[in-house]
Amino acid sequence: MNVFNKIIYDAIQGSAPILLCVLGGIFAYKANVLNIALEGMMLIGAFFACLITFMTGNYMLALAIAVLASIIFSVIFSYFGITLKGNVIIIGLAINLLASALTAFFLKIMEKSELVAANYVVADHRIAIPGIGDIPILGSILSNHTLLTWFSYILIAIMAIFMYKTSLGLHIRVVGENEDAAISLGLKTSKLKYIAIIVGGITCGLAGTSLAMDELGGIFTPGMTTGRGFIAIAAIYCGQGSPQASALYAILFGLARSLALNLGIYAGSSSRIFNALPYFAICLILMISSIVKHRHSNKRGY
């Protein structure tokens, strides 16, 4: 596989965790809830995915427990933010800190600096699509990805249909656009916000599993999400909650990260500089998006 093919292949694979996080997080955005706890939900999902695989060797059980752990965190966030009407920013930051502290605490109890599921071989979970692997250029790029990687891209269409073609998606959008109108229509706004946040919790559990098991090959290290949850929020806001547009920004981050990893191989001692490339790219995208969004805005004085 040449360098170009490797960059595209890694971009497809590396985009999967943040893509999953984005596609679930857009529902909280549409319900007018700023869910900055995506980072913590993804981190706790990654930890339990790796832990259960380490203990049992059962990948599907690990996936289920990771999603369940992330859902629990999303319910905690919803309870304090919606039922008790707390400040969602403070609550989200608390969830992120709780996830980081809990995972570090569990590793301390286990007397490990990191968790390695040596019984998990990521190559065994890669899927070779018949026929595609024989195509000269596309074969090496599109074939041999994991199930969660494929699912993350299929989920773009699923979430678009769910959001715009179902009554539940419509109700969530109504709550976000005009909550008073939603209440007057008899919609249970708190329940709909719970559902929107829990959908994000489910996909964050999948995202954490994809990150720990598929991308890193069964390894968990403290703070391994490295801001991906906040990058997901940036992608959602750049895409204004549209599944297709938000997914595109998530893929651009994955491409920037792939470039950083592959170019860093040839950079020698200065390779660490390339680690900042994905985060610089998302800052640049945010700036350009903001300029484009407000280029026709007129400021009026009083």
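These are my notebook entries on one protein chain, looked up in a predicted model.

**Entry 1: the whole chain**

I started with the secondary structure, and the chain comes to twelve helices and four strands. Next I checked how compact the chain is. Its radius of gyration is 20 Å, close to the 19 Å that the globule rule gives for 302 residues, so I can call it as compact as a globular protein of that length. I also looked up the span of the C-alpha trace along its principal axes, and that is about 60 × 50 × 40 Å.

How much of the chain is buried? I got 47% of the 302 residues.

Then I turned to contacts. I took the ones between residues at least 6 apart in sequence, and 76% of these join residues at least 24 apart.

**Entry 2: aromatic rings**

I searched the whole structure for aromatic pairs and got nine.

Where do tyrosine 59 and tyrosine 120 lie? I found tyrosine 59 in helix 3 (residues 59-83) and tyrosine 120 in the loop between strand 1 (115-116) and strand 2 (126-127). The pair therefore ties together parts that are 61 residues apart in sequence. I checked burial for both partners. Tyrosine 59 has 13% relative accessibility, and since buried means under 20%, it counts as buried. Tyrosine 120 is buried too, with a relative accessible area of 6%.

Tyrosine 79 is partly exposed at 38%, and phenylalanine 80 is partly exposed at 40%.

I also noted one aromatic cluster, formed by Phe47, Phe48, Phe105, Phe106 and Phe220.

Threonine 149 was the one I opened here. I found it in helix 6 (residues 147-165), and it is buried, with a relative accessible area of 2%. What does threonine 149 touch, leaving out residues up to four places away in sequence? I listed Ile12, Gln13 and Ala16.

I moved on to threonine 203, which lies in helix 9 (residues 189-215). At 3% relative accessibility, threonine 203 counts as buried. I compared its place in sequence and in space with that of leucine 23: they are 180 residues apart in sequence, yet 7.4 Å apart from C-alpha to C-alpha. Again skipping residues up to four places away, I found that threonine 203 touches Leu20, Cys21, Gly24, Gly25, Leu155 and Met159.

Isoleucine 236 sits in helix 10 (residues 228-238). Is isoleucine 236 buried or exposed? With 3% relative accessibility, it counts as buried. I looked up lysine 30 as well: isoleucine 236 is 206 residues away from it in sequence and 9.9 Å away in space, C-alpha to C-alpha. Beyond residues up to four places away, the contacts of isoleucine 236 include Val22, Gly25, Ile26 and Tyr29. I also have Leu38, Gly241 and Ser246 down among them.

**Entry 3: a partly exposed residue**

I went back to helix 3 for alanine 64. At 42% relative accessibility, alanine 64 counts as partly exposed. I looked up how far its C-alpha atom is from that of glycine 254, which is 190 residues away along the chain, and got 25 Å.

**Entry 4: positive phi angles**

Which phi does asparagine 144 have? I found a positive one of about 65 degrees, although asparagine 144 is not a glycine. This residue lies in the loop between helix 5 (138-142) and strand 3 (145-146). Its relative accessible area is 37%, so I noted asparagine 144 as partly exposed.

Threonine 226 also went on my list, with a positive phi near 40 degrees in a residue other than glycine. I located threonine 226 in the loop between strand 4 (219-220) and helix 10. It counts as partly exposed at 41% relative accessibility.

Note on methods:
Residues numbered from 1 in each chain as written. Predicted model: local features only at pLDDT ≥ 70, side-chain atom pairs only at ≥ 80, totals over all residues. Heavy atoms only, no water. Rg over C-alpha atoms; globule rule 2.2 N^0.38 Å. Buried < 20%, exposed > 50% of the residue type's maximum accessible area, 1.4 Å probe, protein only. Contact = heavy atoms within 4.5 Å. Phe/Tyr/Trp six-rings, centres within 6.5 Å; stacked < 30°, edge-to-face > 60°.
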